[in-house]
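Subject: A structure for you to look at

Hi,

Here is the structure I promised to pass on. Have a look around it first, then read my notes with the model open beside you.

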Amino acid sequence: MLKAVILIGGPQKGTRFRPLSFEVPKPLFPVAGVPMIQHHIEACAQVPGMQEILLIGFYQPDEPLTRFLEAAQQEFNLPIRYLQEFAPLGTGGGLYHFRDQILAGGPEAFFVLNADVCSDFPLSAMLDVHRHQPHPFLLLGTTANRTQSLNYGCIVENPQTHEVLHYVEKPSTFVSDIINCGIYLFSPEALKPLRDVFQRNQQDGQLEDSSGLWPGAGTIRLEQDVFSALAGQGQIYVHLTDGIWSQIKSAGSALYASRLYLSQYQLTHPERLAKHMPGGPRIRGTHPAPIPNLCPSLGPNVSIGEGVTIGEGVRLRESIVLHGATLQEHTCVLHSIVGWGSTVGRWARVEGTPNDPNPNDPRAHMDSESLFKDGKLLPAITILGCRVRIPAEVLILNSIVLPHKELSRSFTNQIIL
């Protein structure tokens with residue numbers, strides 16, 4: 001018996017995903033045509049012996065999340081439950097807080113997946129490794145070049161046994177070219193070190209708070225508090241993958257993840273790709289229904305939502321157009337996300353800077369920790385919030401437009417409030 005836990009975070013996170021996260025929780029944002037965490041759930045549901053999938057986070061259980069969970073349970077015929085944290089507890093605190101629910105039924109092991117990663121999720125391969133040689137912690141790792149590795153958790157392994165000898169989260173100097181993918185397989189025994197961290201936090205807090213009610217005791221960081229502390233003690237091992245992988249920290253990286261998933265759909269979900277009809281347009285991406293023969297080509301790597309209206313002569317590539325949007329005649333949308341119900345006028349151009357967070361590409365444009373540098377908005381993809389109106393013949397470059405705005409002129413490298 002197996003279980004899976006997906007860590008979905010909460011509204012205090014994902015600020016670089018705004019204004020898109022104003023409308024839906026970030027884990028429900030559509031990437032390659034389906035909610036981000038549906039890719040995780042699909043991968044978990046395909047593992048033989050999977051009995052339950054738990055989502056842990058700090059989001060309020062609102063209508064979109066509840067509706068998604070109900071639909072996912074019916075589609076995958078698995079119990080899928082959301083467990084809400086009483087406070088943000090870090091990447092490991094929720095696992096310890098809900099340990100009874102995770103261990104209910106006696107699973108032999110459980111997967112832990114961060115919601116903000118894109119991957120082909122080689123879960124069955126990880127399970128084979130674990131069953132061949134069980135250990136409390138098995139981490140999925142991939143390689144990165146020396147420069148890009150500094151942006152991730154770095155793993156030093158024993159190349160013969162694959163034991164993790166050293167772990168550093170976002171080091172200041174080069175440590176290793178093996179990075180943490182944020183996808184794990186834990187034995188039930190893995191919760192014991194989390195208990196030790198919790199008890200240590202309690203003791204430290206009581207020294208500062210004589211009431212014994214220190215609120216930070218439940219906050220546990222898997223990477224710093226557990227992996228770094230236990231590395232080299234024969235408890236943590238790594239399984240390397242050469243499959244697709246990236247983080248989804250910002251809207252720009254969501255476009256990159258969409259590109260990766262669309263390439264996988266050729267093998268895994270060809271039914272999700274738009275069908276090329278004789279005499280019709282060629283759509284290299286996803287679209288829920290045929291588009292009339294108005295455009296010679298849409299794509300590559302486009303995801304078009306339901307109810308989208310596309311006019312004659314539209315040029316669209318490397319973009320996500322969310323449901324209900326309208327692209328009027330001869331518009332050009334490149335490296336952008338067009339929000340729900342937005343309108344782009346005739347002959348308007350909406351363009352962003354390509355974002356490529358590939359850890360092995362030395363020229364990759366990594367996600368910035370801040371949207372700004374030296375008081376200026378850093379070049380990034382262009383985002384139109386929901387129900388934005390772009391008039392005819394307007395140019396929008398590397399900008400973020402908040403919801404319900406109606407523009408009257410062109411903008412470059414700005415946030416339009």
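Below is what I found, going from the whole chain down to single residues.

First, some ground rules. This is a predicted model, so please keep in mind that local features need pLDDT of at least 70 and side-chain atom pairs count only at pLDDT 80 or more, while totals for chains, interfaces and linings use all residues. Residues are numbered from 1 along each chain as its sequence is written, and side-chain values use heavy atoms, with hydrogens and water left out.

**The whole chain**

The protein chain has 8 helices and 31 strands. Helices (H or I, at least four residues) and strands (E, at least two) are DSSP runs, numbered from the N terminus. Of its 417 residues, 53% count as buried. Buried means under 20% relative accessible area, exposed means over 50%, and partly exposed is in between (1.4 Å probe, protein chains only). The accessible surface of the chain comes to about 18300 Å², and 50% of that belongs to carbon and sulfur atoms. Those areas come from the Shrake-Rupley method with a 1.4 Å probe; for residues, only the protein chains shown count as cover.

Contact means heavy atoms within 4.5 Å. Among contacts in the chain with a separation of 6 or more, 58% are between residues 24 or more positions apart.

**Two open sheets**

Two strands pair if DSSP finds at least two bridges between them.

Strands β19 (residues 326-327) and β22 (residues 343-344) run parallel and are joined by 2 bridges; Leu327 has Val344 in β22 as its bridge partner.

Strand β4 (residues 50-57) runs parallel to β5, and 5 bridges join them. The chain crosses from β4 through α2 to β5, a right-handed β-α-β crossover. Right-handed means that, with the strands pointing away from the viewer, the path from the first strand over the helix to the second runs clockwise. Across the pair, Leu54 stands opposite Arg81 in β5.

Now find Asn77, in the loop between α2 (63-76) and β5 (80-84). Is Asn77 buried or exposed? Asn77 has a relative accessible area of 70%, so it counts as exposed. Asn77 also has a positive phi of about 55 degrees, although it is not a glycine. As background, most residues other than glycine have a negative phi. His335 is another non-glycine with a positive phi, of about 50 degrees. His335 sits in the loop between β20 (332-334) and β21 (336-338), and at 17% relative accessible area it is buried.

In helix α1 (residues 36-45), 9 of the 10 residues are buried, so the helix is largely enclosed by the rest of the structure. Among those buried residues is Glu42.

What does the side chain of Glu42 join in a polar contact? The partner is the side chain of His269, at 3.4 Å. (A polar contact is a pair of N or O atoms within 3.5 Å; within protein, one must be able to donate a hydrogen and the other to accept it, and residues adjacent in sequence count only if both atoms are side-chain atoms.) His269 lies in the loop between α8 (251-268) and β14 (282-286) and is buried at 15% relative accessibility.

Helix α7 (residues 222-230) has buried residues too, including Phe227 and Leu230. Just after α7, Gly232 takes a positive phi of about 85 degrees.

**Cysteines**

The structure holds 0 disulfides (pairs of cysteine sulfur atoms within 2.5 Å).

Enjoy exploring!
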